[in-house]
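Visitor: Could you walk me through this model and its ligand surroundings? I would like to go one question at a time.

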Amino acid sequence: MQLKDLLEALHEHGLRLERGGAEGEISSVTQDSRRVQPGALFVAVRGASFDGHVFVDEALHKGAAAVLVDRGTELPSADGRVLSVPDTGAVLGRLGAAFFGNPSRELDVVGVTGTNGKTTVSYLVEAIARAAGREVGVIGTINNRWKGREVPTVNTTPDGLALHGRLREMADDGVDLVVMEISSHGLALGRVDGVAVDVGLFTNLTRDHLDFHQTMEAYRDAKRALFTRVLPGRQKRLGLRAVAVINLDDDEGRALKTLLSVHPELEVVGYAAEADAAELRATRVQMSVEGTSLTVAGQGANLELAVALQGAFNVSNVLAAVGAARALGIPDEAIRQGLADLPGVRGRLERVCGPPGSPAVFVDYAHTPDALERVLETLRPVVTGRLHVVFGCGGDRDRDKRAPMGRIASQLADRIVMTSDNPRSEEPLAIIEAIAAGVVERPGLEVDQEVSRERAIARAIATAGPEDALLIAGKGHETYQEINGKRRDFNDVEIAERLLRERSKREQQGEE
Ligand SMILES: CC(=O)N[C@H]1[C@@H](OP(=O)(O)OP(=O)(O)OC[C@H]2O[C@@H](n3ccc(=O)[nH]c3=O)[C@H](O)[C@@H]2O)O[C@H](CO)[C@@H](O)[C@@H]1O[C@H](C)C(=O)N[C@@H](C)C(=O)N[C@H](CCC(=O)O)C(=O)O
Ligand SMILES: Nc1ncnc2c1ncn2[C@@H]1O[C@H](COP(=O)(O)OP(=O)(O)OP(=O)(O)O)[C@@H](O)[C@H]1O
Ligand SMILES: N[C@H](CCC[C@H](N)C(=O)O)C(=O)O
Ligand SMILES: [Mg+2]
């Protein structure tokens, strides 16, 4: 891209030339000095561990065509062109959109936000879109995937440069629809600025991430920004109307619907598994160990569906996906087929295979009080024996969710083993103590703790009977555990599988 075009595109966002001429080309753009190639624009961003401004000299020495800094910072001593904006971190989304030629405008984009259910809904919409013959890309917690490729990711919602770069790759590879999870961090930090969203979807709002947002109001406002900030900026190739698909069983969903009624250009589709007045409602819900069947009523249709997911919360997720699919103009038959094709979602109530006589073991990503409550409530009625739960809470994250999670587990399970999630830089035992502070003792409840997650799972599996169920919560699909800043391989599903085999072997030897 020509530098002068970039300067023009971002003029209204405060981009100015501080030193050097406006002629010449920018061949790539990065915020990581380690990735600077000759001709690149290096953007210095202040982060949690580093201030990117200390790397501007290094970037110029490596041949960067220009560096972009916060206005007012000292100019680098190395020769080279310098650009400035008031806040580099806040402009990444706009910069990415301009540099990569606004790829979201070439794509239909479904953006999913909410505390829980984003990943699940994105899988549901992906499966439906596939069945409809759409070329679909997904950007989310588990990975980025499109056209048979799977790329691992660090963040659920990548930073503005990475995000627009990925959208550009997808568009160039022939993707026509992208489903993306939009985290509250992504919204608050402007990572999705410049993304034109056609269908914005809101699942629910309960407590999480207050380490970052501080208050529930700030967290809520970040989520609201998906609808008030992203949608009005759309400009699409297919002329899709913008639609907000909103969960009306949720207090914030109802508030959002009222707020959005002042935007006549936005069509609001409410869905509800419980509330009556919604455009899409679930009726005739039947749950079994294989999954859930339901009829979705509304918008002039009665759609009979079956999906291999359990739990009332997944009825809500299915409604959300149906709302998005219909907004995209996907026929009902493809909706039915897509949901029927989905085998399940990795690490979301994923049943762990065990030899005959094993307790039923499930791995789930519940890492908020609301999710833990819903998952335990889902398992409770299907367990004939006792319900065990092994879980912890992440370190360096919202501390005030720990005690509520302890309380919920103690109220809904028969045996709890508190353990480590990803302690990160925190003392594992201190996190467990914070969870234990919420535990409410009652007759019949067994409370145990074990810092080592593997030993905690082993203990639960060794003591669970064949009629019992065990929920291993919090890490879902994750393939690592981060302790003391170091990541080592760790996979709840693989560990539980091995421990179930060992348990069965021990029992067979005992019988001989
Ligand atoms: C708190 C936070 O959001 N941190 C994000 C931030 O990292 P950071 O602030 O630690 O960055 P840093 O390491 O201090 O570096 C600052 C700058 O110096 C640069 N640098 C650094 C070293 C060097 O040698 N050269 C150099 O240029 C870096 O590239 C960066 O631009 O910028 C990184 C690059 O964009 C992100 O990957 C990182 O997310 C971290 C991994 C993270 O854990 N974020 C969580 C809180 C998060 O965002 N989660 C949400 C929600 C998840 C959900 O609920 O689903 C998400 O969307 O992922
Ligand atoms: N609609 C829902 N309401 C409440 N809890 C849910 C819902 N859907 C899923 N869950 C629970 O939340 C957990 C996380 O679900 P999922 O990964 O779909 O959400 P997410 O919003 O993508 O989470 P994250 O922000 O951590 O990526 C699931 O494992 C399940 O326990
Ligand atoms: N997106 C969430 C994931 C939490 C998963 C849990 N295993 C943890 O590490 O706390 C977060 O970054 O807060
Ligand atoms: Mg997710």
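**Around the ligands**

Guide: Helix 4, helix 10 and helix 12 (369–379) each supply at least two residues of the shell around ligand 2. Helices (H or I, at least four residues) and strands (E, at least two) are DSSP runs, numbered from the N terminus. This is a predicted model, in which local features need pLDDT of at least 70, side-chain atom pairs count only at pLDDT 80 or more, and totals for chains, interfaces and linings use all residues. Residues are numbered from 1 along each chain as its sequence is written, while chains are lettered from A and ligands numbered from 1 in the order in which they are written.

Visitor: Which helix gives the largest share of the shell around ligand 2?

Guide: A residue is near a molecule or strand if its C-beta atom, placed from the backbone, lies within 6 Å of it. Among the 24 residues around ligand 2, those that come nearest are Gly 117, Lys 118, Thr 119, Thr 120 and Ala 371. The largest share, 4 residues, is that of helix 12.

Visitor: How do the residues of the shell around ligand 2 divide into nonpolar, polar and charged?

Guide: Ala, Val, Leu, Ile, Met, Phe, Trp, Tyr, Cys and Pro count as nonpolar, Asp, Glu, Lys and Arg as charged, and the others, Gly among them, as polar. By that scheme the shell around ligand 2 has 5 nonpolar, 13 polar and 6 charged residues.

Visitor: And how do the residues of the shell around ligand 3 divide?

Guide: Ligand 3 has around it Thr 156, His 367, Gly 394, Arg 397, Asp 421, Asn 422, Gly 474, Lys 475 and Glu 478. This shell divides into no nonpolar, 5 polar and 4 charged residues.

Visitor: Is Asp 421 buried or exposed?

Guide: Asp 421 sits in the loop between strand 20 (415–418) and helix 14 (428–436). A residue is buried if 20 or more other C-beta atoms lie within 10 Å of its own, exposed if 12 or fewer, and partly exposed in between, with C-beta atoms placed from the backbone. Because Asp 421 has 23 C-beta neighbours inside 10 Å, it counts as buried.

Visitor: Which residues is Asp 421 in contact with, leaving aside its neighbours within four places in sequence?

Guide: Two residues are in contact if their C-beta atoms, placed from the backbone, lie within 7 Å. With neighbours within four places in sequence left aside, the contacts of Asp 421 are His 367, Gly 392, Cys 393, Gly 394, Gly 474 and Lys 475.

Visitor: Where does UniProt place the feature "binding site" that takes in Asp 421?

Guide: UniProt positions are given in the numbering used here, feature names are shortened, and annotations may be inferred rather than shown by experiment. The unreviewed UniProt entry places this "binding site" at Arg 397, Asp 421, Asn 422, Pro 423, Arg 424, Gly 474 and Glu 478.

Visitor: What does Arg 424 count as, given its C-beta neighbours?

Guide: Arg 424 lies in the loop between strand 20 and helix 14. Beyond four places away in sequence, Arg 424 touches Gly 394, Gly 395, Asp 396, Glu 482 and Gly 485. Its 18 C-beta neighbours inside 10 Å are why Arg 424 counts as partly exposed.

**A second annotation**

Visitor: How far are the residues Ser 33, Asn 155, Thr 156, Thr 157, Ser 183 and Arg 191 spread in space?

Guide: The unreviewed UniProt entry has a "binding site" annotation covering Ser 33, Asn 155, Thr 156, Thr 157, Ser 183 and Arg 191. They are spread over 159 residues of sequence, and in space the C-alpha atoms are up to 25.9 Å apart.

Visitor: Is Ser 33 buried or exposed?

Guide: Ser 33 is in the loop between strand 2 (28–30) and strand 3 (40–43). Residues up to four places away in sequence aside, Ser 33 touches Phe 42, Phe 55, Glu 58 and Ala 59. With 23 C-beta neighbours inside 10 Å, Ser 33 counts as buried.

Visitor: Which residues is Ser 183 in contact with, apart from neighbours within four places in sequence?

Guide: Ser 183 lies in the loop between strand 10 (177–181) and helix 6 (184–188). Ser 183 counts as buried because 25 C-beta neighbours lie inside 10 Å. Leaving aside neighbours within four places in sequence, its contacts are Thr 156 and Thr 157.
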